[in-house]
2 protein chains.
Amino acid sequence: MSYFDAASSAPLHPVARQALQASLDEGWADPARLYREGRRARMLLDAAREAAAQAVGCRPDELVFTSSGTRAVHSGVAGALAGRRRVGGHLVVSAVEHSSVLHAAEAHEAAGGSVSRVPVGRTGAVDADTYGTALRTDTALACLQSANHEVGTEQPVAEVAESCRAAGVPLLVDAAQSLGWGPVPGGWSLLTGSAHKWGGPAGVGLLVVRKGARFAVRGPVDERESGRAPGFENIPAIVAAAASLRAVQGAAAEEAVRLRALTDRLRERVPLLVPDTEVVGDPVRRLPHLVTFSSLYVDGESVLSELDRAGFSVSSGSSCTSSTLTPSHVLKAMGVLSEGNVRVSLPVGTTAEEVERFLGVLPGVVAEVRAKLGAHTHAGSRAASRAGGSEEAAAEVAGEAGPLVVDALGKRCPLPVIELAKVIGRVPVGGTVVVLADDEAARLDIPAWCEMRGQRYVGETPAARGSAYEVIRLA
Amino acid sequence: MSYFDAASSAPLHPVARQALQASLDEGWADPARLYREGRRARMLLDAAREAAAQAVGCRPDELVFTSSGTRAVHSGVAGALAGRRRVGGHLVVSAVEHSSVLHAAEAHEAAGGSVSRVPVGRTGAVDADTYGTALRTDTALACLQSANHEVGTEQPVAEVAESCRAAGVPLLVDAAQSLGWGPVPGGWSLLTGSAHKWGGPAGVGLLVVRKGARFAVRGPVDERESGRAPGFENIPAIVAAAASLRAVQGAAAEEAVRLRALTDRLRERVPLLVPDTEVVGDPVRRLPHLVTFSSLYVDGESVLSELDRAGFSVSSGSSCTSSTLTPSHVLKAMGVLSEGNVRVSLPVGTTAEEVERFLGVLPGVVAEVRAKLGAHTHAGSRAASRAGGSEEAAAEVAGEAGPLVVDALGKRCPLPVIELAKVIGRVPVGGTVVVLADDEAARLDIPAWCEMRGQRYVGETPAARGSAYEVIRLA
């Protein structure tokens, strides 16, 4: 059993467990009360705040504990925007922020604010200069994650912070994915984190607002946590969160080297072992423990489910999972293949043996899913295999020069791409295939397929139903 | 060591502790994921929801877990108001709701809504008919607690729910103080609760929205908990909360009888043992474990601190504590004495011996604080004792019929009342004393003193600084 989805939630760190259990007896009372149980609770809370502040690199009075990373983001974005509403109602975010940031941005838009979404390149990173040009005189807040949660790419936070400083705009850094690896350097104004990402318990986030950053609390008044996080403090969990943050950061330098070697190995071996697979995200400027790849001709859900059966827990940004009908906004913004997407994020302590076992299992899993879907693979120059249903799906070529039309309407990812791959060999080099598809993922995956397979993607035109994607055979 | 502040937060119930520890290993993963760790987490969450719903008396799909009772109230009030905004923007609350409800109401007012606050009688209960008349055609929501958190008085929820039903207005019941004692009967539409009040862990609240009740989620979108409670679910704590709710409810009938006998004993003995003390709240329709009383001529903070020293942890709604400058809004709405206020709320398992020990300690504590403040007590008809400073404070009687003016400006509770008590014997029966005071508590405590001491309170008039409170000596 190997759990490789630390980026979703990490198992409870032993230090967190110990601290949680130790503080259950001491930390249940109201820290606002003056009797001894209250004073004990207050002491635990104060000590946890000191420890967390040290780990983050801020003053204790700049840090409050929220009930989750999501709440920290929602409150941080809303409070910072409200604090600067006289400056204007413009918010800048990157296109690949966590959904909590993007949802906060949508709420801001719904309330009449404006939002600029800074695009990213193929590695998933924003360009610091491009980000800088998005800042305006009416920009109230800018948001940038420290590292991306789906592909692991680190963002140029220090450079963007410098642009923000020059423009007089506060920068909020969502550090959920990176805080366990160390504090975020640079001149940010607000920072958010989430304890269960670093091995702390669920139920604890943190919101840091630097002295001097304007902040106006939204929503009903509450006296706890400087008014920034309503509700009775969850002190045992807060103590556990702070203790485990210090513990994981203390071991981070060494563990990062070890896990980076394992993810380097995955980045190198997966594309060799699994044909038609692309590793995405920045190969160097990235989180040490996370690697993401996409494989043609498979659906994410089947791969996840087969890997689960084989004892590996991973996640996917594919649209072809039961929980979502659209591909990950991150992969979309990067313009990379979304079908057959797999994110591997290794928890602290993952062994080389587990990774080797994963490398041993993965090729068979992908091949099996491909076989079930009737997809050929393009390893080498092998000809297309017998493809069930593709004969019916491919309309007859209308004339010598007419395009071959593939009707993939109503078919979900990865079927439109599988159909395309099956028939591309039936038009001559220079000939055209048109894929009719109404699955959202086709918009991303057909161009991505063309790039991976060396074919030319011409473009998309609206059709009576869905879109028509035009592809010219080059090879 | 006796902790008598269960109404603030109860120590972790053994069942909660056990469930929490057992689910730390199983409940840390993302329940939205399909791999085995996710499925295990989902099963725990579903089972906890079933258990909590059964304890509350609702369908599982009507109940979501929030990060605190405060969050449940804030979200519940905002969502119910938004869901019925086409009906109107009027909100009805009782004057003695928990601050989380009142703060949500203030936020509603700040956003342009209107709020009616239904007054309460001297026992702290609303009158159901009075409540009913506050409902209007534009009333979007009505809120009523199941029982009051400061004085323990139960509210006529079933009758008010019936009025609300007749008026087509949804009723939100804040059941934070009573849920451990059993489900809230009657036709409410929304209900909120807080786990750490019943011996569950902090970090878990619950919000129930009955099918058919209109509800529109406010704030940024989040897919968790039916969109009603953003942030990663704290499953171990949720499991512990649900398990302990069922456990405490299971033992509630028997424990209620036992604790009611102990609070009956306190209600009977405290006024006999401590002169000039009033027990407040309904003697019959009340929570079994909670009793509140106020003693003249002492400040809440000193009493709390002396009781703490003697091994008893209680709380106070007095203004004379370091954490607040205004008396409890509950005591104020009831029109009862706020000085020297003490709330005793017994946790499950409190022994008769602890209560007897408290009764043994309390009279000495109050007497000591009174002595330090230079206050006499009115036990029997004893004459006023030598009162340090009162000679200077009492201005000379201007003429035979002129009032005696006591300058208590700048003096905080309980000093204005102590000064009044010291000089009342210096005017003849029928004579007048005027107290000049600028402490907020005087407005409540001078009339309350008059009622307790059998003097006539004439009224209050604004003065150059503070107010002038006029009292006629009757006895």
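Predicted model: local features only at pLDDT ≥ 70, side-chain atom pairs only at ≥ 80, totals over all residues.
In which loop of chain B does B:P414 lie? This proline is found in the loop between β13 (404-407) and α13 (415-423) of chain B.

**Backbone features**

A cis peptide bond connects B:C413 to B:P414, with omega about 5°. In chain A, the bond from A:C413 to A:P414 is likewise cis, with omega near 5°. A:P414 is placed in the loop between β13 (404-407) and α12 (415-423) of chain A. A further backbone feature concerns B:E225, a residue other than glycine whose phi is positive, near 50°. B:E225 belongs to the loop between β8 (205-209) and α7 (235-250) of chain B. These features deserve a remark because most residues other than glycine have a negative phi, and most peptide bonds are trans.

**The two chains**

Chain B can be superposed on chain A by a rotation of 180° with 0.0 Å of shift along the axis, giving an RMSD of 0.0 Å. The two copies are therefore related as by a two-fold rotation axis.

The contact between the chains involves 52 residues of chain B and 52 residues of chain A. Together the chains bury about 4,400 Å², and carbon and sulfur atoms account for 56% of this area. On the side of chain B, the residues that lose the most area to chain A are B:W28, B:Y35 and B:R71, which together make up 14% of what that side buries. Because 100% of the interface residues of chain B are also interface residues in chain A, the copies meet through the same surface.

Charged and polar pairs also cross this interface. The rule finds eight salt bridges between chain B and chain A, and B:D5 and A:R33 meet in a salt bridge at 3.6 Å, N to O. There are also 21 residue pairs in polar contact across the interface of chain B and chain A. Five helices of chain B, namely α1 (14-24), α2 (36-56), α3 (69-83), α4 (99-110) and α9 (300-309), each supply at least two residues of the side that touches chain A. By class, that side of chain B has 19 nonpolar, 18 polar and 15 charged residues.

**Domains within chain A**

The domain assignment divides chain A into domain 1 (8-248), domain 2 (256-372) and domain 3 (390-472). The C-alpha centres of domain 1 and domain 2 of chain A are 28 Å apart. Their contact takes 26 residues from domain 1 and 24 residues from domain 2.

Between these two domains of chain A, about 2,100 Å² is buried, 56% of it from carbon and sulfur atoms. A:R122, A:E150 and A:W181 supply 35% of the area that domain 1 buries against domain 2, more than any other three residues. Two salt bridges and 11 residue pairs in polar contact are found across this interface. The side of domain 1 that touches domain 2 consists of nine nonpolar, 12 polar and five charged residues.

**Selected salt bridges**

Over all chains, the structure holds 64 salt bridges. The table lists some of them.

| Residue pair | N to O distance |
|---|---|
| B:D5 and A:R33 | 3.6 Å |
| A:E159 and A:R285 | 4.0 Å |
| A:R122 and A:E451 | 3.8 Å |

The salt bridge of A:R122 and A:E451 links distant parts of the chain, the two residues being 329 residues apart. A:R122 is in the loop between β4 (114-118) and α5 (128-134) of chain A, whereas A:E451 is in helix α13 (residues 442-453) of chain A.

Definitions and conventions. Residues numbered from 1 in each chain as written. Chains lettered and ligands numbered in written order. Heavy atoms only, no water. Contact = heavy atoms within 4.5 Å. Buried area = accessible area lost by both parts, 1.4 Å probe. Salt bridge = Lys/Arg side-chain N within 4 Å of Asp/Glu carboxyl O. Polar contact = N/O pair within 3.5 Å; in protein donor to acceptor, adjacent residues only side chain to side chain. Helix = DSSP H or I, 4+ residues; strand = E, 2+ residues; numbered from the N terminus. Nonpolar A, V, L, I, M, F, W, Y, C, P; charged D, E, K, R; others polar. Domains from an automatic or database assignment. Least-squares fit on C-alpha atoms with pLDDT ≥ 70 in both.
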